[in-house]
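Please read it alongside the sequence and the coordinates.

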Amino acid sequence: MGTRVTTNTAKMAENWRVAMTALCNQFLTTHRTLSETIQLGPTETLIFLTISVANVQRVMRERAIPPELRGTTPLPREAIVPISRNAISAATGLPRETVRRQVAHMIARGLIVEDPRGGVTPPPDIISAAGFEPVLEGLMTEFARTVETLCRTGALAVGHD
């Protein structure tokens, strides 16, 4: 038996302002925390998050993520999914030329690397090298507050399978 979280669209509509404020605050906290941790501007942060998400999509599609891939250990090469500059542009809505310039700058800073298969990925040791491990607790605390707010309004409901 597991825990299941569902949305209640009627309660979400009734509490739209509270729900949107909570979600936007979560986004802004995540953005600020990541920007401060690795000194990225807003556009670079958007690109970095897009690359990072693309990098682990294959792993996250699995229902049961292997324990060795749940932490901060670098992903094995076969689990990494590089993303092209065109795909970054499509995912973010940024102009391709902006993505090209920002990606070149981020490669020069060592924040991302060219993948031999095409596209770019974060370097294998980015979590520890950039100091992400200590900020996870703060991000998760803010995430818990967001979920509590959404549950309190009824926009999210926690149940059991």
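This is a predicted model: local features need pLDDT of at least 70, side-chain atom pairs count only at pLDDT 80 or more; totals for chains, interfaces and linings use all residues.

**Main core**
- The largest nonpolar core has 20 residues, and within it I47, F48 and I88 touch the most other members.
- Helices α2 (16-38), α3 (42-60), α5 (96-108) and α7 (135-153) each contribute at least two residues to this core.
- The largest share, four residues, is supplied by α3.
- Apart from neighbours within four places in sequence, I47 contacts I88, L94, V99, Q102, V103 and M106.
- In soluble globular proteins, nonpolar side chains tend to be buried together.

**Surface patch**
- W16, M20 and L23 make a nonpolar surface patch of about 290 Å².
- L23 belongs to helix α2.
- The relative accessible area of L23 is 39%, so this residue counts as partly exposed, the class between the cut-offs of under 20% for buried and over 50% for exposed.

**T149 in α7**
- Helix α7 contains T149.
- T149 has a relative accessible area of 17% and is therefore buried, since the cut-off for that class is under 20%.
- With neighbours within four places in sequence left aside, the contacts of T149 are V18 and A22.

Terms used
Residues are numbered from 1 along each chain as its sequence is written. Side-chain values use heavy atoms; hydrogens and water are left out. A nonpolar core is a set of buried Ala, Val, Leu, Ile, Met, Phe, Trp, Tyr and Cys residues joined through side-chain atoms within 4.5 Å. Buried means under 20% relative accessible area, exposed over 50%, partly exposed in between (1.4 Å probe, protein chains only). Contact means heavy atoms within 4.5 Å. Patches are made of residues with over 30% relative accessible area and no salt bridge: like charges are joined within 9 Å, nonpolar side chains (Val, Leu, Ile, Met, Phe, Trp, Tyr) within 5 Å. Accessible areas come from the Shrake-Rupley method with a 1.4 Å probe; for residues, only the protein chains shown count as cover. A salt bridge is a side-chain nitrogen of Lys or Arg within 4 Å of a carboxyl oxygen of Asp or Glu.
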